[in-house]
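Student: I would like a close look at a single part of this model, taken slowly and with the criteria spelled out.

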Amino acid sequence: MARLVTSAFASLLTLAATGLVLAACSQPPAGQQPAAERAETAQTQVAPAVTITLTPVAAGPGSFETVRVALRLEGVSIAAGEALLGLPLVTGNVDTVATVLSGLTARDEDGVLSLEARDAAPAMEDGYGDDAQAREWVTNRATRGTIEVEYSVPAEATLPPRGPAPPYSFLQDGGGVSAAGHVFLLMPPGDTQYRTTIDWDLSEATPDSRAVSSLGEGRVEAGDAMTANTIRSGFYMAGDIETWPEDVPSGGFFGAVQGTPPFDAAELLSWSGDLYEQYAEFFGQEDIPPYGVFLRHNPVNAGGGVGLHRSFVTTFDEDSTPEGLKSTLAHEMFHTFQPRLDEPGGLASSWFTEGLAVFYQSRLPLRFGQVAPEDFLEDLNSHAARYYTSAMAEAPNSEIPARFWADTRIRTLPYDRGMLYFVTVDHAVRTASEGQRSLDDLMLEMLRRQQSGETLTPNDWEEVLRAELGESAVEDFRYFIDGAKPVPASDAFGPCFTRTTETLRRYELGFDPAVLAEPVRIVRGLDPDSNAARAGVQDGDEIVRPVPQDSIQGQQDAELTLLLRRNGEEFSVTYLPRGETVEAYQWDRVESVPASACGL
């Protein structure tokens, strides 16, 4: 659910290069400079570099024991008493390896560097993203020259889960090992741009092992300079893994699979690759940027995933189907191309990022002929049912950042309410222009502004709305941000679909939902009239395993199973997490309209 911007790197590099040219012009010709000055001038013209070498160490056939990490930092200088390395303690509700890594050593051209660990709440400029606390390792003296760092992490470096979270953590199964860089890559604090190389040493891995990162297979040099946070935003997978295509290309789409899904993974990845090419054409990209999809097992919340730097990670279990994952992949690949609001960052602007992605995740595949109208309708009605039955449907956008992980009903608002809002805008634009324009034009205008170097804010969206639809559209947008419920017109999805209402039941967990996002999940706030109480749940019960909720909110008949611990004994309770009935908007297929007329 946390998704990253990659489009700004080209402009950053351009600015950096311009600065280097100016610096060079201010110097006398190289032959007239003293040798020391010539060396110093040359050094200022070369960006710092990092080479990361990962060595998966096998424990036996089909399994791994540890992953050794080696960093080679060039052009980096750290003063005495300053942090040489850092890593958030928790990222995206997932514990990192900061407290369980071992064998950490560092040295430079003068020998061994002594490191002292400290925990602190860093500033945003330290490069840790939105995470509240980090562990840093402080050097005892100033560094000189190339710095080499080594440490090891367990291949099962996963602390007790905290609840809903992206698939960042280490997973060692299916003959492979994988993790997001978020949880294990130590880097110097700050937003320094590095020339980056990812390398692998498979000499101690299982036979016939392969290794793939978000940048591609094996040793890869990044085409763009990367910050520490961007490097961490990559995914890393090695072992007995499958790829599609078999030979991973240096550009464009590729996929990697750890384990054995209960479906044809190659067929799913082929579909995704075709859609990725369609996206590139839709957004006018002649040179298709690299993009990787990683699949791995998840017994708790399969089907979910997370967007990373030029890549996406999704998960499967024994019941997963390719149809269920296509929507997820369409959503996440769209993030690679779309515009994003720069300020406010993060979850405060997720209505824009996630709302657009949900709007287009089934609409574009329908337009491209890659899904049937019935698939589009199923996706639409799932989101509509989840939203229009939610007791939090009109919570203001300002509540989303603080309560995102604590309440699934809040967590899904940017997706569902954002999508329905954009449907109302699209319909208004189509109506006002008599079908000559659509939301596509507004979205692409926002992208044009971002690509020209502008910092996008809600003010930009208001300017685009005002130019297209007038001041009333801006007022409607502000009502939406304050929590107003968007209700698309009956024909907002075109002639193939018509709005109706159904009597549906609200999602009701039955106890305080914040419990499920805590490291130790102890039931509190139990509603004695809820289905959870009727099934036997009690205040004080410990919920042993994390509980997925996001998808079942849109499924009226989906049951929830809790593994509970009470008085030292474990047992399961299954119930339907539903409460009162309400009228909710849904859409029906107009059978008289042919499928060929459905692709708005």
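Student: By the sulfur-distance rule, to how many disulfides does the count come?

Tutor: This is a predicted model, in which local features need pLDDT of at least 70 and side-chain atom pairs count only at pLDDT 80 or more, while totals for chains, interfaces and linings use all residues. Residues are numbered from 1 along each chain as its sequence is written, and side-chain values use heavy atoms, with hydrogens and water left out. The count comes to one disulfide, a disulfide being a pair of cysteine sulfur atoms within 2.5 Å. Cys 496 and Cys 598 form this disulfide, with their sulfur atoms 1.7 Å apart. The torsion about the S-S bond of Cys 496 and Cys 598 is about -80 degrees, so the disulfide is left-handed. The pair links distant parts of the chain, 102 residues apart: Cys 496 lies in the loop between α13 and β23 (497-507), and Cys 598 in the segment after β28 (578-589). Here helices (H or I, at least four residues) and strands (E, at least two) are DSSP runs, numbered from the N terminus. Cys 496 counts as buried because its relative accessibility is 1%, and Cys 598 counts as buried at 2%, where buried means under 20% relative accessible area, exposed over 50% and partly exposed in between (1.4 Å probe, protein chains only).

Turning to helix α13 (residues 471-481), Ala 473, Val 474, Phe 477 and Phe 480 are buried there. Seen down the axis of α13, these buried residues fall within an arc of 115 degrees, so they line one face of the helix; the arc is that of the directions from the helix axis to the C-beta atoms. Just after α13, Gly 483 takes a positive phi of about 115 degrees.
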